[in-house]
Amino acid sequence: MGGGGGGDLQELRARPLTERRVDMHGFCNPGDFQRSPYLSARGNIANVFRGSTEEGYKAYHADKYDEDKNPNGIINFGTSENKLCFDLMSKRLTQTDMNLMEPPLLQYPDWKGHMFLREEVARFLTYYCKAPAPLKAENVIVLNGCGSLFSALATVLCDPGEAVLIATPFYGGITQSVFLYGNVKLVYAYLDSKITGTSTRPFQLTVEKLEKALQDARAEGVTVRALILLNPQNPLGDIYSLSELRDYLEFAKRHELHVIVDEIYMLSVFDESATFHSVLGMDRLPDPQRTHVMWGISKDFAVSGIRFGTLYTENQDVANAVGSLCYFHGVCGPVQHKVAQLLRDRDWINQVYLRANHARLKAAHTYVTDELKTLGVPFLNRNAGFFVWIDFRKYLRTGTFEEEMLLWRRFLDNKVLLSCGKAFECSEPGWFRIIFADKTHRLQLGMQRIRKVLEEREQEILAEEKEQPCQSDQDGKADSTDEVIFVSRHQEPTCAGSSNLGDLIGLLQQQMRSSDWLQKNTAEQFA
């Protein structure tokens, strides 16, 4: 992929969907592919299925940062985990009501989950999703995580070789989940940073973009069976309005598509100015038999090591088919009991956990975004999830995905793991996702390492430009979006008169960084 960022995208979109999906998923580099005689064709694909996400995750586990034992280890800003609430969760999960060991918990359950847990999930979702009527336990299915749910749904809704529609950028693990078992592919509706047509914000999902992606796929003979919606969206942090949700669901109904709605960050909206609307809270679903909602505890309760995900669907055929696959994806009895006790404790969730978690997330988000502002790096300013979507395009000289990968490796070499845009199938090279839901000392050190890489890269680009003064600044760069990405909560473009204020804020932040202000004002103390 030579040339500019725009060329990359045009070249990508011009290729047939079938080629594009295999290539872009980063299953493997054909040049590196060594077929194992011990494996089936599927086994060989599973064996080499990897991308930057897998590589970085492996490197991190081999060289984890530890303040005392390994201070020069890798700081993980790449894996979407909340590391701010271990104190709260460990205390709650070790209280006496959590420790129950009765015969039913040590025996095979109903594969859809113990009824006591499914009833508790139904009550929990009724309350937090603001459902207009009580949700039913019979519509609840329990599995060991939302990855298993994506895999099971893809398998029961699609035949091998068929496809699911999803907007990019998106959480890349979905690719693995739908493909490895079900051999189901993804069709992409590409979003970009430009504000054109009906878009009012960068990377906005519109029905027009969904329609175009669907029609392009059908023109190539690809059968699309479903649409995946992530709300709040990973990696963008967008929260869809009720009218947007209704538009997406109506689009799916027109085309008889199932809709898989992943709401796994629904309680991780950390600012009162933002309001989350669950699909389960809608007065009327356009197509209830084709609408399936998933949620889990790994993100909202900061326990990604406890594998628990749940599906809510009114379609009993879908529920039964997924239920059959639960045999492979069950949650052990004692964990089902703990989760039920956790979800039942509404007072603790509302008065203790959510208050503290939201305050800690907000303080950590503020710290990281203030650092980015000081560096003059554009980003999407959102109030949900654990991540910030960052625009590092100015640190790419030619604006290609190869150069993006080199920058990603440079961060890793400097012992900080980020996620690059290619891992989310972003159409524009140069975007990165950073996870901010971490303790203050790791945020500080990680941001220092990021700053070092960016400052070195800036110097290199300046030196290259001096050597090649004739090269246009526009080569390899998409349209500048600094004025709209460096945004307020309401996504208003920065007005020209605010630059002096921005300079002043930057100066103050620089002074704070060089003093002991940060040591005295940690995220924990803000909380």
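Helices (H or I, at least four residues) and strands (E, at least two) are DSSP runs, numbered from the N terminus. Contact means heavy atoms within 4.5 Å; axes are lines fitted to C-alpha atoms, for helices over the stretch in contact, and angles run from 0 to 180 degrees between N-to-C directions.

Two strands count as paired if DSSP finds at least two bridges between them. Five antiparallel bridges join β9 to β12 (residues 431-435), and Ile-390 stands opposite Phe-432 in β12.

A further open sheet has seven strands in the order β2-β8-β7-β6-β5-β3-β4, with mixed pairing. Here β2 (140-143) and β4 (185-190) form the edges, each pairing on one side only. From one strand to the next, the twist averages 25°. Strands β5 (residues 224-230) and β6 (residues 258-262) pair in the parallel sense over five bridges, with Ile-260 in β6 as the bridge partner of Ile-228. Helix α6 (residues 115-128) packs on the sheet and touches β2, β7 (291-296) and β8 (309-313), its direction making about 110° with that of β2.

Residues are numbered from 1 along each chain as its sequence is written. In this predicted model, local features need pLDDT of at least 70, side-chain atom pairs count only at pLDDT 80 or more, and totals for chains, interfaces and linings use all residues, while side-chain values use heavy atoms, with hydrogens and water left out.
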